[in-house]
Amino acid sequence: MATAPDLEALSASFEAYELRAWREALGGAANAEAEALPEAVPTDYDLVLTQEQLNIWLDRLAAVERFAFDTETTGLNYMDAEIVGVSICTTPGQAAYIPFGHDYPEAPQQLEQSDVLDQLSVFLNDPKKLVIGQNLKFDLSILARYGRTINAPIADTMLESYVYNSVATRHNMDDLAQKYLGRKTVKFDEIAGKGVKQRTFNQIELEAAGHYAAEDADITFQLHEALWPKISGDNRLLPVYQNLEVPLIRVLSQIERNGVLIDCKMLETQSEEITRELADLTVTAFDLAGETFNLSSPKQLQAILFEKLQLPVLKKTPKGQPSTNESVLQELALDYPLPKVVITHRGLSKLKSTYTDQLPKLVRSQSGRLHTSYQQAVAATGRLSSTDPNLQNIPIRTEAGRRVRKAFVAPPERSLLAADYSQIELRIMAHLSGDEGLTTAFQQGLDIHRATAAEVFGVGLDAVTQDQRRSAKAINFGLIYGMSAFGLSKQLGIPRVDAQTYMDLYFQRYPGVQRYMQDIRAQAADQGYVETWFGRRLYLPEIKSSNFQMRQAAERTAINAPMQGTAADIIKRAMIDVQDWLNTSNAPASIIMQVHDELVLEVDDAALEETQAAIIRLMCGAAELSIPLEVEVGVAKDWEGAH
DNA sequence: GTGGCGTCC
DNA sequence: CAGAGGGACGCCACT
């Protein structure tokens, strides 16, 4: 065990560290950003190793109404990272690190973990305090594993930055400190090293760790001071931040920790089957090519198809290479045998490498469950994204792909309930544009693609053909993405003039939609941003670009973002309401996934009926639009069956 | 690290 | 005239 700590020497070296950092902060004050930067303050960081030292900070916490809080852990995975210390900051420049899990040889005696957490919990759960964090979802999840909560009101600087401007910067602390405080921070790599030699935080010497951790809390506090006024003083952004993003933090933390049960055996069997099929396809492909090559290499495939076999080049990649993507291969497959084999191989290979091989690796053996991470400050439009693994792109389109979803299962006596918004983005288009025809069609509960087809092609609802409906569907989706007549013609495989005729007819029948598209472009150019119905803002600096392509792309985003973003806001509202209902009703159910317009819950079979009714009520009630929101629900023992 | 591709909504 | 579909994540090949 470590020898008695020489607190004085440690303290001295810690101060030297402070001095260097302080000079650096002053030196680095120059900043090219347009944001007005706050004055730099001197730093006074404490390393808390004794109860006497901790008492000073407990007094400070008692005296303030808000403080920044950060946990330091052995890793970034919220399911197994262990907490090694916490840092707090009560006023700019003044912060402390309270270590309790540093265990390198010679590590000084530290306070006891549960003692520290007990004493801090008083303040972390005080309804009169504000706890400020940077990505608090992580801290909440870690603490939850130690049976601890933060029930005090919370603020999150990552989300403040995201709501203030989702695209101006990435929302990690180092970038935010640079942009909003003009301050260079100590990077984790600088104290822990990188690559295979990287040490975990428990192995970092306390003087370096203490400075790093205290700085984290200090920066977080200062970021809140810089960013909060930008949000609180804006009556559009404030509700988005306060009523959506902040409450969602706790919901996401809960969903992530719930996880989803996976049938690994099933996925392994699928992998083996795919391996056999891939081997067969490879043999066939080599035979057709007259030589062996790597079917997974677009470059090698391109050489075979377009040089050796002299197939026509239908499309080039942005870099000028002949494209071998699926639409090209589909077209070539009409005349040649090899492309078809490649398509099949690609599909199966994707399935195996991304899903059937990978998902089981991420399943926790103790529980059989998979725990994704939802990123709340990544997508510019307000959507969530999912990583490690991405559960928002699990296949559904093809039969082979859907088999993967069969491996997402419920435990005995429980079922999966999948609830998805029906045509939510089109409904939002009807709402935002105020178009009468589209609104009426939704109010009458019509099949919207069929109704559109009837209008565009001038036939009765019953007379709409499959092909007409398919065209109408392509137009509807194309409009949401800002697609041109050219794009529509590609999509439908029809001449461009015909596609143009369809679009003209569409706009004749739904003039409100056309007006909306024009207005939103003008608004974007005028204000430099567009908004969702809830007030979330997306800046589009490139809307004024002199580059035609950049400008066009920005205009398409201007059209799409209010619809995609409003849908994102609505499901966020629904998630908060559903989790609230689960908490208060004690229903034996939990949310386990979100896929943009769909929520998946795991529910006790005995409680399916009440739960389903509540979910529908809450999701439909998440927003009052000029047309009703509709939700489709499926229940089954696996995710595939729930659709 | 970048490019190409493919999965989802 | 030319270019012409929004938002993500992740795998593989290649440099």
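In this predicted model, an open sheet of 4 strands is arranged in the order β16-β17-β13-β18 with antiparallel pairing, where strands count as paired if DSSP finds at least two bridges between them, and where strands (E, at least two residues) and helices (H or I, at least four) are DSSP runs numbered from the N terminus. The edge strands, each pairing on one side only, are β16 (589-594) and β18 (631-636). From one strand to the next the twist averages 25°, the axes being lines fitted to C-alpha atoms, for helices over the stretch in contact, and the angles running from 0 to 180 degrees between N-to-C directions. Strand β13 (residues 414-421) is joined to β18 in the antiparallel sense over 6 bridges, and Tyr421 stands opposite Val631 in β18.

Helix α23 (residues 548-585) lies across β13, β16 and β17 (598-604), and runs at about 160° to β16. The helix also takes part in the surface near DNA strand C, to which α23 gives the most, with 7 residues. A residue is counted as near a strand if its C-beta atom, placed from the backbone, lies within 6 Å of it. By this criterion 35 residues surround DNA strand C, the closest being Ser297, Ser353, Ser385, Phe486 and Gly487. By class, this surface has 10 nonpolar, 22 polar and 3 charged residues, with Ala, Val, Leu, Ile, Met, Phe, Trp, Tyr, Cys and Pro taken as nonpolar, Asp, Glu, Lys and Arg as charged, and the others, Gly among them, as polar.

Around DNA strand B there are 22 residues, of which Thr317, Lys319, Asn393, Arg397 and His596 come nearest. Helix α13 (residues 338-356) gives the most to this surface, with 3 residues, and the residues there divide into 6 nonpolar, 10 polar and 6 charged.

Elsewhere, helix α18 (residues 448-457) packs against α19 at an angle of about 100°, their axes lying 8 Å apart. The two helices α18 and α19 are therefore roughly perpendicular to each other, a description used for angles of 65 to 115 degrees, while those under 35 count as roughly parallel, those over 145 as roughly antiparallel and the rest as oblique.

As for conventions, residues are numbered from 1 along each chain as its sequence is written, and chains are lettered from A and ligands numbered from 1 in the order in which they are written. Local features need pLDDT of at least 70 and side-chain atom pairs count only at pLDDT 80 or more, whereas totals for chains, interfaces and linings use all residues.

Terms used. Contact = placed C-beta atoms within 7 Å.
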